[in-house]
Amino acid sequence: MHPPGADTVLVRHGDVNTKSNTVKRYMEDRLAENIEALLADRSIPGEVERRWNRPLIHTDEEHVDAATDAATDAFGVVSASPALTVDTAMGEICTALAETARACYDGGAFAVDARRADKSLPYTSEELAREGGTAIWEAVEDEFSPEVDLDTPDLTFGVEVREDFAFIYLETVSGPGGLPLGAQEPVIALISGGIDSPVAAYELMKRGSPIVPVYVDLGAYGGIDHEARAMETVRTLSRYAPNFDMPVYKVPGGETVDHLVGTMEQGRMLSLRRFFYRTAEHLAERVDAHGIVTGEAVGQKSSQTLQNLGVTSRATRLPIHRPLLTRDKPEIVAQAREIDTYTQSTINAGCNRVAPDRVETNARLEPLLEHEPDDLFERAEDAAKRAELVEP
Ligand SMILES: Nc1ncnc2c1ncn2[C@@H]1O[C@H](COP(=O)(O)OP(=O)(O)OP(=O)(O)O)[C@@H](O)[C@H]1O
């Protein structure tokens, strides 16, 4: 809900504020560019202005809610509010609050949350809240029996007064938080057709790292449906970052999986992971990525015991980021639904089909190396060379 005539989106960022001035300026530039790209991608007219160190989107009433939604899809944004711009004079603010109340107040308790950035203004935040509250009350008392409740109001009238303008808003929409995309180095995202890996990739994007998606084609063990789901989730992720290209490296892994299934009973899941990581490492060198992100979580699968994660991680010199490490599955599923990467999957595809009947939970590196094909890493290097770039 927005005040009548709302023409601006107030965008708030969080972690960016903790940085030094130079870093902050760089991150704010990234954030403004990313918001502009989201607006353009969704054909929302709007101009991003960096005023007082945080972005404002100038738009019109028809598009102000869509612009708010776009801003709250940008990584680094803590919240955004569709707002009406008015003059900083107390009388103007009170008139606008009264008009907003007449249009939007529907009974119940209300509060005024007034903030004043410019301490040279001739009124304090408390005076503004008091006067504003009175203006609202008088505007609606004939029709309703208004109540003021500062702790649990049904409607909060936000007023933010800056040097040149004041903003009035009714709603604060949460964003993902984190840092603007592009503020950190890129990482390779191992994306399967499952639920977890896109959520893990999103988490790295949220901290500012662009992702380079890599999908390993498992041949007969994967399947067209598996690949289609992986591509679909990358398409969804790319909608959060329309100014970042996100083609997928599709790695031919079918022969290696066949070979592992044919030659290894115990440990083949672990060797397959080691193949993934080593392939990812080669691709990382190619694209100058600084780590690998996966959707693994402690104990979610037998290959994901802490001991097994330790053994598989030794296949690469790159850090493996596992942002879901300690998350429970229902939590991951809930987030996948929220960010829209949840894909219905009824087909048991991918790694699940490679697993042997009796699985290893306490692997050690030396015995694994005895059974693992000697050429596993050469296969990885070769697969990385043969990886194909495909548009998701
Ligand atoms: N075919 C694949 N291509 C690329 N990465 C993969 C593939 N299969 C698995 N991975 C990576 O290894 C991690 C652990 O694999 P696991 O077998 O648990 O995946 P999954 O259940 O198929 O999918 P997810 O973990 O995404 O739900 C995945 O989160 C993903 O990062």
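Biologist: Which helix is Arg-273 found in?

Modeller: Keep in mind that this is a predicted model. UniProt, in an unreviewed entry, lists Arg-273 among the positions of a "binding site". The helix that holds Arg-273 is H8.

Biologist: Okay, and is Arg-273 buried or exposed?

Modeller: Count the C-beta neighbours inside 10 Å: Arg-273 has 23. The cut-off for that label is 20 or more. So Arg-273 counts as buried.

Biologist: Which residues is Arg-273 in contact with, leaving aside its neighbours within four places in sequence?

Modeller: Here we look for C-beta atoms within 7 Å. With the sequence neighbours within four places left aside, the contacts of Arg-273 are Ser-303 and Thr-312.

Biologist: Gly-295 is on that UniProt "binding site" list too. Why does Gly-295 count as buried?

Modeller: Gly-295 sits in the loop between E13 and helix H9. Among the residues it touches are Gly-194, Asp-196 and Leu-324. Gly-295 is buried because the number of other C-beta atoms within 10 Å is 26.

Biologist: What handedness does the β-α-β unit of E10, helix H5 and E11 have?

Modeller: Helix H5 covers residues 196–206, and it makes up the unit together with E10 and E11. The two strands run parallel. The unit's handedness is right-handed.

Biologist: And which residue in E13 is the bridge partner of Ala-189?

Modeller: E10 also pairs with E13, in the parallel sense, over two bridges. For Ala-189, the bridge partner there is Val-293.

Biologist: Let's go back to E11. How many other C-beta atoms lie within 10 Å of Tyr-215?

Modeller: Tyr-215 is found in strand E11. Its contacts beyond four places in sequence include Ile-191, Val-248 and Val-251. Tyr-215 is buried, and the count of other C-beta atoms within 10 Å is 27.

Technical notes
Residues numbered from 1 in each chain as written. Predicted model: local features only at pLDDT ≥ 70, side-chain atom pairs only at ≥ 80, totals over all residues. Helix = DSSP H or I, 4+ residues; strand = E, 2+ residues; numbered from the N terminus. Buried ≥ 20, exposed ≤ 12 C-beta atoms within 10 Å, placed from the backbone. Contact = placed C-beta atoms within 7 Å. Pairing = 2+ DSSP bridges. Right-handed = clockwise from strand over helix to strand, strands pointing away. UniProt positions renumbered as here; feature names shortened; annotations may be inferred.
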